[in-house]
Amino acid sequence: MATILIIDDEKEMRELLRLYLEPEGFTCIEADDGEAGLTQFGRRHVDLILLDIMMPKLDGYRFCMHVRERSQVPIIFLTARSDEWDRVYGLKIGADDYIVKPFSPNEVVARVHAVLRRTKGADAAPQYEAGPIVVDEKARKVTVNGKPVLLTLKEFELLVLFLKHRGQVFTREQLLDRVWGIHYVGSTRTVDTHIKTLRIKLGEAGQLIQTVWGVGYKFDETV
């Protein structure tokens with residue numbers, strides 16, 4: 001059964017959630033602030049995170065953004081912040097659901113099941129291979145010559161996009177739209193920066209990402 005990481009600075013809240021989740025077969029691990037939550041997340045396999053927003057050391061929003069740099073593990077916010085702005089912002093930065101306190105513990109359990117069905121029930125993501133590069137999209141793992149390579153979320157999404165469309169030339173604007181989203185506000189130079197760091201991390205295989213002068217970039221495995 002799935003492992004749930006509960007991050008909340010209120011001990012009573014963590015105990016209440018555990019009381020309802022464990023009889024459903026879930027394994028629960030806890031943290032009382034965002035920094036401790038990141039430590040637990042780095043040490044343990046986690047299938048879903050229940051996350052408070054207002055916490056000491058590292059709040060829920062910043063925790064969510066840190067996790068989204070390296071993982072798509074489902075995140076459900078549990079918070080007393082009920083403003084529409086808070087809900088929209090939480091979902092925008094990567095949360096899968098947003099539940100306002102006070103809530104029914106049974107509703108939380110139902111939402112956990114629903115989110116896990118949605119994420120686990122998705123079609124298995126394929127594995128891509130190009131030269132020495134192997135990418136497992138579902139597990140979000142990349143290896144080069146059999147050695148693991150740690151990428152940020154945007155670097156990973158860029159690499160997957162290139163592997164799905166080998167040989168296709170993308171302009172910087174197209175890469176911004178595909179990877180950062182059409183509402184991203186910023187310079188196309190962020191694309192160049194991420195391509196540079198991605199090439200460095202891929203080592204010699206980084207040369208497969210070719211610069212098309214005056215246009216953009218493409219992935220060419222014939223190089």
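Good morning. Because the model is predicted, local features need pLDDT of at least 70 and side-chain atom pairs count only at pLDDT 80 or more, whereas totals for chains, interfaces and linings use all residues. Residues are numbered from 1 along each chain as its sequence is written, and side-chain values use heavy atoms, with hydrogens and water left out.

I begin with the pocket. On a 1 Å grid over the protein atoms alone, a pocket is an open set of points where a 1.4 Å probe fits, with protein on both sides within 12 Å along at least five of seven lines. A lining residue has an atom within 4 Å of a point. Grid points are joined across faces, edges and corners, and the volume is the space filled by probe spheres set on the points. The largest pocket holds about 1,200 Å³ of space. It is lined by 38 residues, and those closest to its centre are Ser-71, Gln-72, Lys-138, Ala-139 and Arg-140.

By class, this lining has 17 nonpolar, six polar and 15 charged residues. Here Ala, Val, Leu, Ile, Met, Phe, Trp, Tyr, Cys and Pro count as nonpolar, Asp, Glu, Lys and Arg as charged, and the others, Gly among them, as polar.

Which elements supply at least two residues each of the lining? They are α5 (105-120), β8 (141-144), β9 (147-149), α6 (153-164) and α7 (172-180). Helices (H or I, at least four residues) and strands (E, at least two) are DSSP runs, numbered from the N terminus. The largest share, six residues, comes from α6.

Let us stay with α6. This helix has twelve residues and reaches 16 Å from its first C-alpha to its last, close to the 16 Å expected at 1.5 Å a residue; the expected span is 1.5 Å times one less than the number of residues. Buried means under 20% relative accessible area, exposed over 50%, and partly exposed in between, with a 1.4 Å probe and protein chains only. Nine of the twelve residues of α6 are buried, so the helix is largely enclosed by the rest of the structure. Among them are Phe-156, Leu-159 and Phe-162.

I turn to α5. Its 16 residues should span 22 Å, which agrees with the 22 Å between its end C-alpha atoms. The buried residues of α5 are Pro-105, Val-108, Val-109, Val-112, Val-115 and Leu-116. They lie on the same side of α5, because they cover an arc of only 130 degrees around the axis, taken from the directions from the helix axis to the C-beta atoms. On the other side of α5, Asn-106 and Arg-117 are exposed. The buried residues of α5 pack against β1 (3-7), α1 (11-21), β3 (48-51), β4 (75-79) and β5 (97-100), where contact means heavy atoms within 4.5 Å.

Within α1 lies Arg-14, which counts as buried at 10% relative accessibility. Not counting residues up to four places away in sequence, Arg-14 touches Ile-6, Asp-8, Asp-9, Glu-30, Ala-31 and Asp-32.

Finally, the backbone. Most residues other than glycine have a negative phi, and most peptide bonds are trans. Lys-101 and Pro-102 are joined by a cis peptide bond, with omega about -5 degrees; Pro-102 is in the loop between β5 and α5. Asn-145, in the loop between β8 and β9, has a positive phi of about 55 degrees and is exposed, with a relative accessible area of 62%.
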